[in-house]
Every structure is written in structure tokens, then in C-alpha cells.
Amino acid sequence: VFSQHGALVGLVEIVDLESHNPVGVSIVDWKTAASRRVVHSTFAAETSALASGLGRARWVSALLGEMYHGGSEDFRATEVSRKVVPIMAYTDCRSVYDHVMQKGKLPDDRHEALHIAELRQMLQAGPSIDCDHRARLNWLPSRCMLADGLTKPGLAKQMRELLRNAECRLHEESA
């Protein structure tokens, strides 16, 4: 059994990253596919989806950095991520979020432990949390996870609405 996973990459204004209101978004990349390997848990599938989405975001960041800086000799991808195109990643899997963000917490499965270690190096998590050029990881409830519209037939209407309105919410509404 292959798990289906999806990833969306969108651009928003930096000033809107902390907004709890709907913000404008331009979807610039997406992918939905069956996992390349058989996974034995939702945790493994969600970890794989996060890594895939983060990789796609880093690719978009590098392309935009190249547009801003051209072929200059002092071009550094990490500086572009920090200064020009900061990356915020989102997951609706609380256990993936907790494993990535909590220092010393690793899953029992060694393959997944490697994925978590890799994600920690790419994200502001674990022992290098002070490294500001890394992407930030955020958790949000499943009902707010936009990429689910790529893999769950019941959410196709939500995905069409996102594309039609070019607007999304980056944080859960406060009560």
C-alpha cells in the first residue's frame, strides 16, 4: 500500500506571515503523488510529505534568489532564505511537529529517525534553533491544512476556493 501525499508552495507577503486574518497567497508549486516507498504509519507518510514540501519550497526560494541576485559570486542560498525568501513550513501531524521540535526525541523506527534528524537540520528546530536562516515549522489543525485538498477527494471544493480567491489563513483563528 502506497500512501498519497501532497505539498503546496505559496508566496505571501512577509508582513502577513504572523497575521491571523486571511492573507493573499500565490500558489507557485504543488505536487501530489504516491509515496515512493511503502510506509507503515501515518507518521512516516506525514514525515515524507513534510520533507517533500520543504524541498520544493527550498527550490522556489533558490529560483527567486537567483532572480534577485543573478549570478553574483557572493550568492549564498542560506542568505537568500533568510533575507529574501524566508520559508515557513506547515504540518497538521502533531507527532511529526513534536518529534522535529523537541531536542532528543526520536522515533523508534531508524528510517524515520533519520528523516527527523534531516528535517531538524533544515528547520529551526532542535539544537540549532538559533540559526535564523532555516525554515520555520508550524503546526496547524487538519481542518486548516491546505495541501490536504490535493490528496483527499472530499476537500476538492476547498482547494478550488483557495485557487479562485487566492487567499488563505496561515494560523488558526483565535477564539
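1. The loop between helix 5 (156-165) and strand 6 (167-168) contains A166. In this model, which is predicted, A166 has a positive phi of about 50 degrees, although it is not a glycine. As background to this point, most residues other than glycine have a negative phi. A166 counts as partly exposed because its relative accessibility is 34%.

2. On the overall fold, the chain has five helices and six strands. Along the sequence these elements follow the pattern β-β-β-α-α-β-α-α-β-α-β. The chain has 175 residues, and buried residues make up 39% of them. Among contacts in the chain with a separation of 6 or more, 66% are accounted for by residues 24 or more positions apart.

3. The largest pocket deserves a separate point. About 1100 Å³ of space lies in the largest pocket. Its lining consists of 46 residues, of which L8, V9, G10, M88 and Y90 are the closest to the centre. Strand 1 (4-11), helix 1 (42-69) and strand 4 (88-91) each supply at least two residues of this lining. Helix 1 gives the most, with 12 residues. By class, the lining comprises 31 nonpolar, nine polar and six charged residues.

4. T47 is found in helix 1, the element that gives the most to the lining of the largest pocket. T47 counts as buried because its relative accessibility is 0%, where the cut-off for buried is under 20%. Leaving aside residues up to four places away in sequence, T47 touches V96, E112, H115, I116 and L119.

5. Helix 3 (residues 94-101) has V96, Y97, D98, H99 and V100 as its buried residues. What covers these buried residues includes helix 1, strand 4, helix 4 (110-122) and strand 5 (136-139). One of the buried residues of helix 3, V96, is also among the residues that T47 touches.

6. On aromatic and charged groups, the charged end of R94 sits over the ring of W139, 5.1 Å from the centre of that ring. A pair of aromatic rings is described by the distance of the centres and the angle of the planes. The count of aromatic pairs comes to zero, where the centres of two paired rings would have to lie within 6.5 Å.

7. I87 is placed in the loop between helix 2 (77-83) and strand 4. I87 is buried because its relative accessible area is 11%, under the 20% cut-off. The C-alpha atoms of I87 and L11 are separated by 9.4 Å, while the two residues are 76 residues apart along the chain.

8. Q102 is found in the loop between helix 3 and helix 4. With a relative accessible area of 38%, Q102 is partly exposed. Q102 and R120 are 18 residues apart in sequence, and their C-alpha atoms are 9.5 Å apart in space.

Definitions and conventions
Residues are numbered from 1 along each chain as its sequence is written. This is a predicted model: local features need pLDDT of at least 70, side-chain atom pairs count only at pLDDT 80 or more; totals for chains, interfaces and linings use all residues. Side-chain values use heavy atoms; hydrogens and water are left out. Rings of Phe, Tyr and Trp (its six-membered ring) pair if their centres lie within 6.5 Å; planes under 30 degrees apart count as stacked, over 60 as edge-to-face and the rest as tilted. A charge sits over a ring if NZ of Lys or CZ of Arg is within 6 Å of the ring centre and within 35 degrees of the ring normal. Helices (H or I, at least four residues) and strands (E, at least two) are DSSP runs, numbered from the N terminus. Buried means under 20% relative accessible area, exposed over 50%, partly exposed in between (1.4 Å probe, protein chains only). On a 1 Å grid over the protein atoms alone, a cavity is a set of points where a 1.4 Å probe fits but cannot get out, and a pocket is an open set with protein on both sides within 12 Å along at least five of seven lines; lining residues have an atom within 4 Å of a point. Grid points are joined across faces, edges and corners, and a volume is the space filled by probe spheres set on the points. Ala, Val, Leu, Ile, Met, Phe, Trp, Tyr, Cys and Pro count as nonpolar, Asp, Glu, Lys and Arg as charged, and the others, Gly among them, as polar. Contact means heavy atoms within 4.5 Å.
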